[in-house]
Amino acid sequence: SCDLMVQNSMPRSGPVLRLQLPALVTKRAKSYWVLQAPGFWRLNDMRLLITRPADDAVPLAQVLGERGHTSVLSPLLEIDPCPDVQGTCDAARTIAFTSRNALKVVSGWPEFDRLKRLKVFCVGPKTAELARDLGFSEVAGWSPTAETLASDMAEVLARAEAMPASPSGPIVHFAGADVAGDLVGSLSNHGFDAKKMVVYRAEAAKALTQDAVSALNAGQIDGV
């Protein structure tokens with residue numbers, strides 16, 4: 001976390017806030033002081049190392065660029081879609097995503113137009129937002145964890161099953177090979193037919209990019 005200190009002097013532009021930067025920010029960056037107040041702070045003209053997967057790193061770099069920062073991209077994870085899983089969820093009545101990466105992979109499938117007409121549940125507001133942006137017509141909501149999602153889904157789907165002509169078929173959880181929590185197990189405990197479909201694997205990068213290595217060796221990275 002960061003500690004903020006307000007100086008006694010109060011210039012016309014507002015109080016000058018000093019920011020005690022966390023340890024991951026290098027010594028070079030500690031010359032950047034906060035001059036914006038009240039309500040927000042900003043550090044100007046920093047060179048930042050972004051280690052998110054490429055699909056997330058590029059838009060983040062664009063946002064940082066608009067705020068006056070330079071980005072060096074070196075993804076530490078590579079998202080590798082799994083082959084031979086498309087077309088194996090034709091009977092699904094409801095689907096769930098616990099990561100944006102799974103949603104991005106499935107959005108490239110030929111049967112995506114059919115899938116996005118199904119009721120979809122998500123973990124996290126960003127995943128739900130992406131589902132809406134990709135055209136899902138019925139985003140039932142989002143929950144903070146897989147465990148709470150299972151309870152929320154059970155409540156919603158139990159009401160749906162009480163309605164005439166309720167849809168049949170399994171709940172399909174699209175996920176990566178490594179996930180936190182057991183959504184399918186929790187749904188099964190609630191009495192639902194659920195299955196997990198692994199659509200991608202997150203592989204660790206073997207090394208930083210040459211640009212990142214060069215910038216780090218030259219002491220040109222202000223934060224990560």
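**Exercise 1.** In this predicted model, which residues of α5 are buried, and on which side of α5 do they lie?

*Solution.* Step 1: A residue counts as buried when its relative accessible area is under 20%. In α5, the residues A146, L149, A150, M153, A154 and L157 are buried. Step 2: These residues lie on the same side of α5, because the arc they cover around the axis is only 135°. Step 3: The buried residues of α5 pack against the strands β6 (94–97), β7 (119–123), β8 (138–143) and β9 (171–176), and against the helix α6 (183–189).

**Exercise 2.** State where L216 lies and decide whether L216 is buried, partly exposed or exposed.

*Solution.* Step 1: L216 belongs to helix α7, residues 210–217. Step 2: Buried means under 20% relative accessible area and exposed means over 50%, with partly exposed in between. L216 has 38% relative accessibility, so L216 counts as partly exposed. Step 3: Together with L76 and L208, L216 makes a nonpolar surface patch of about 220 Å².

**Exercise 3.** Describe the protein chain as a whole by its secondary structure, burial and surface.

*Solution.* Step 1: The chain has 7 helices and 10 strands. Step 2: Of its 224 residues, 38% count as buried. Step 3: The chain exposes about 12,800 Å², and carbon and sulfur atoms supply 52% of that area.

Note on methods:
Residues numbered from 1 in each chain as written. Predicted model: local features only at pLDDT ≥ 70, side-chain atom pairs only at ≥ 80, totals over all residues. Heavy atoms only, no water. Patch = residues over 30% accessible without salt bridge, like charges linked within 9 Å, V, L, I, M, F, W, Y side chains within 5 Å. Areas by Shrake-Rupley, 256 points an atom, 1.4 Å probe, with all protein chains shown as cover. Salt bridge = Lys/Arg side-chain N within 4 Å of Asp/Glu carboxyl O. Helix = DSSP H or I, 4+ residues; strand = E, 2+ residues; numbered from the N terminus. Buried < 20%, exposed > 50% of the residue type's maximum accessible area, 1.4 Å probe, protein only. Arc of directions from axis to C-beta. Contact = heavy atoms within 4.5 Å.
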